[in-house]
Amino acid sequence: MKKHNYSAGPSILPAPVLKEAAKAVANYQNSGLSLLELSHRGPEFTAIMEEANALLRELLELPDGYHTLWLTGGASTQFFMAPMNLLDDAQTAAYTDTGTWANKAIKEAKAFGNVEVVASSKADNYTHIPKKFKMHKNAAYLHFTSNNTIYGTQWHKFPKVDAPLVCDMSSDFLSRPFDVKPFGLIYAGAQKNLGPAGVTSVIVREDMLGKVQRHLPSMLDYRTFIKEDSLYNTPPVFPIYVSLLTMRWIKKNGGLKGIQRRNKAKAALLYNELDQNPLFRGVCAKEDRSLMNPCFVMAEGYTQLEKEFSKLCEENGIVGLKGHRSVGGFRASMYNGMPKSSVQVLVDLMQDFAKRKA
Ligand SMILES: *Cc1c(COP(=O)(O)O)cnc(C)c1O
């Protein structure tokens, strides 16, 4: 049976990307060797790295002064690596609190300087994006989470402040075009929109670095990886290669504008159904709903049907629709790689369910 993968991460990748990746594991470009056994300093991987950097620059239209890095340790390592590199002990950084991941970033930053939480939607169980806030005057940066994977909200317009933006873009990286110039640092674990787990894409602006007094271990200093083109030590070669394949696929499908069009169409299909179907209810404020991770529950009076609907989904090849354990209900993660036809399968099931049960 065809599977429709709604997992939040690791998650769906475009079908042609997986096919090409499998070929590279078996026999990379007819070299008689697997990509997994090639030297990271050999000509094959050097070409992969160069193209990955060039494509990322091209897709995001990165101006001079920005560096693209491929690091390990997941977005969770960036929670501390970012403040370690950007925030001195006596300085203050502003953070927004929009959910679980934002909280983890806040917790880690506190070890390196003053942290001021300038906006939070915690009181409303993170069902919206707190857009009005008072920025700290001399903040080194403002940190935010562009898409809240667990609660299903997304910043559709980025905060406008004087300080440079630092952003955890893990779950909506390369899902839409945006102006990179207000950003000092962007990081994204690959396993949501870009590739397999194991690599973190980092974009950093040169002028953000070299300002803190503390000693930075080589492996935790962005400048090490800038100097060595992300090849200071052995990089995660396979996740980088698959990320490259995904970026090629994005370019072929109209670049970030084309991908955004696709993502908007998918989200509209599901949200329209949620707004009309009497059995289901979206959980977030309409204007802040995530295009990547729509969250929903059974509507009042129908909560007893949750198990039955889950079973129906399973029987029809839908995988990973369960909401995060801290939120419950359903979460339909619809990253770049998901085709609209898979969303249509879910929507048809919801309509069919309503005909029989409402
Ligand atoms: C998944 C996720 C993370 C955690 O990423 P790891 O690579 O597992 O450390 C952090 N932030 C956001 C927004 C995420 O969706």
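Me: Which part of alanine 75 lies 3.1 Å from an oxygen atom of the ligand?

Reply: A polar contact is a pair of N or O atoms within 3.5 Å. For alanine 75, the atom at 3.1 Å from a ligand oxygen is a backbone N or O. The model is predicted: local features need pLDDT of at least 70 and side-chain atom pairs 80 or more, while totals for chains, interfaces and linings use all residues. Residues are numbered from 1 along each chain as its sequence is written, and side-chain values use heavy atoms, without hydrogens or water.

Me: How many residues surround the ligand?

Reply: There are 13, counting residues with a heavy atom within 4 Å of the ligand. Ser76, Thr149, Asp168, Gln191 and Lys192 are the closest. Helix α3, residues 74–86, gives the largest share of this shell, 4 residues. Helices are DSSP runs of H or I with at least four residues, strands are runs of E with at least two, and both are numbered from the N terminus.

Me: Where does the ligand sit?

Reply: In the largest pocket, with more than half of its atoms within 2 Å of the pocket's grid points. On a 1 Å grid over the protein atoms alone, a pocket is an open set with protein on both sides within 12 Å along at least five of seven lines; a cavity is a set where a 1.4 Å probe fits but cannot get out; lining residues have an atom within 4 Å of a point.

Me: How many cavities of 30 Å³ or more does the structure hold?

Reply: It holds 2. The largest cavity has about 40 Å³ of space. Its lining consists of Trp70, Leu71, Thr72, Phe225, Ser230, Asn233, Thr234, Pro235 and Pro236. The second largest cavity has a volume of about 30 Å³, and its lining is made up of Gly99, Thr100, Trp101, Asn148, Thr149, Ile150 and Tyr151.

Me: What kind of peptide bond joins glycine 9 and proline 10?

Reply: Most peptide bonds are trans, and most residues other than glycine have a negative phi. The bond between glycine 9 and proline 10 is cis, with omega about -10°. Proline 10 is in the loop between strand β1 (4–5) and helix α1 (15–26).

Me: What is the phi of glutamine 29?

Reply: Near 45°, a positive value in a residue other than glycine. Glutamine 29 is in the loop between α1 and α2, the latter covering residues 43–60.

Note on methods. A polar contact is a pair of N or O atoms within 3.5 Å; within protein, one must be able to donate a hydrogen and the other to accept it, and residues adjacent in sequence count only if both atoms are side-chain atoms. Grid points are joined across faces, edges and corners, and a volume is the space filled by probe spheres set on the points.
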